[in-house]
Amino acid sequence: MDKNTKTVILGSCFSDGIGTHLKNAGYDVCINPFGTLFNPASIAASIERLANPVPFTSVDCVAMGAGAGKICSFCHHTSFARVEENDFLDNANSALEVAARYFEEAETVIVTLGTSFVWKHLPEGRIVSNCLKRPGYEFNHERLALEEVKACLDRMLAAAPGKEFIFTVSPIRHLWKGAHSNQISKATLLLAIENLIEETGAGAPGSCAGRKLRYFPAYEIVLDDLRDYSWYAADKVHPSPAAVDTVWERFREEVLGL
């Protein structure tokens, strides 16, 4: 990976931080073209959309809840929301067109997984990237099993043949169901990535054999190397800017070779 390599970065807000560091260092990056994403199913769907850029239509438009008075889609972060449906579609499709062209030329994809918990929209039976402040009774909150997360990772690779993948797990703590659930969620992500990378080993019979995959230990750097709440922001959930800077320095050394 060098400054002439086009790199697509998708995932949690932690990926935004590393992506910004790469951009500021002069690397050619496209960061979260659908906005911040957290779960592997939504990231897989986004990569598939970049590989096959079917335009968004009125069918995808969803009225946000809580009196927001804006239109968005279950595929996007609320930063894409607009007051008028046509404005949302124009913006979403313009961003998709640009990102899809970039993705076609990209050699590297960096994926930061945040959680194996997902929100499933019950009326449509689908996993959403964002609940858009809709009423809670419309959704079910559930954790993907190890095999389901692994299937999502396989979908990512299948949609991007020939591209190098760098996987990370976000150190951001998802505590909606408590610390134990957060640990189980992160462990599921870590095991799925480990299983995927094992399939690339010499003589591996899996469909991933021969693919360029690697894991960068962002989660472990913050949780084990730094290992102190002083490295977290005031909410004790998000890593502090100093922690992100530390992870960036390790990324420069281990991935960029600088």
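How much space lies in the largest cavity? About 60 Å³ of space lies there, and the views below, taken from a predicted model, start with this spot.

**View 1. A look into the largest cavity.** Rolling a probe the size of a water molecule over the atoms shows where empty space is left. Here, the structure holds 1 cavity of 30 Å³ or more. Its lining includes Ile 9, Phe 14, Ser 15, Ile 18 and Ile 110, and Thr 112, Thr 168, Phe 216 and Phe 251 are also among the lining residues.

**View 2. Strand S5 and its two faces.** Because 6 of the 6 residues of S5 are buried, the strand is largely enclosed by the rest of the structure.

**View 3. The neighbours of S5.** Strand S1 (residues 7-11) runs parallel to S5, and 5 bridges join the two. In this pairing, Val 8 has Val 109 of S5 as its bridge partner. S5 also pairs with strand S9 (residues 164-169), again in the parallel sense, over 6 bridges. There, Thr 108 stands opposite Glu 164 in S9.

View 4. Side chains of opposite charge can pair when their charged atoms come close. The side chains of Glu 142 and Lys 120 do this, at 3.4 Å from N to O. Glu 142 lies in strand S8 (residues 139-143) and Lys 120 in strand S6 (residues 117-121), so the pair ties together parts that are 22 residues apart in sequence. Glu 142 is partly exposed, with a relative accessible area of 25%, and Lys 120 is partly exposed with a value of 25%.

View 5. Glu 254 and Arg 250 meet in a salt bridge of 2.8 Å, N to O. They sit 4 residues apart in helix H7 (residues 241-256), so about one helical turn separates them. Glu 254 is partly exposed at 33% relative accessible area, and Arg 250 is partly exposed at 24%.

Definitions and conventions. Residues are numbered from 1 along each chain as its sequence is written. This is a predicted model: local features need pLDDT of at least 70, side-chain atom pairs count only at pLDDT 80 or more; totals for chains, interfaces and linings use all residues. Side-chain values use heavy atoms; hydrogens and water are left out. On a 1 Å grid over the protein atoms alone, a cavity is a set of points where a 1.4 Å probe fits but cannot get out, and a pocket is an open set with protein on both sides within 12 Å along at least five of seven lines; lining residues have an atom within 4 Å of a point. Grid points are joined across faces, edges and corners, and a volume is the space filled by probe spheres set on the points. Buried means under 20% relative accessible area, exposed over 50%, partly exposed in between (1.4 Å probe, protein chains only). Two strands pair if DSSP finds at least two bridges between them. A salt bridge is a side-chain nitrogen of Lys or Arg within 4 Å of a carboxyl oxygen of Asp or Glu.
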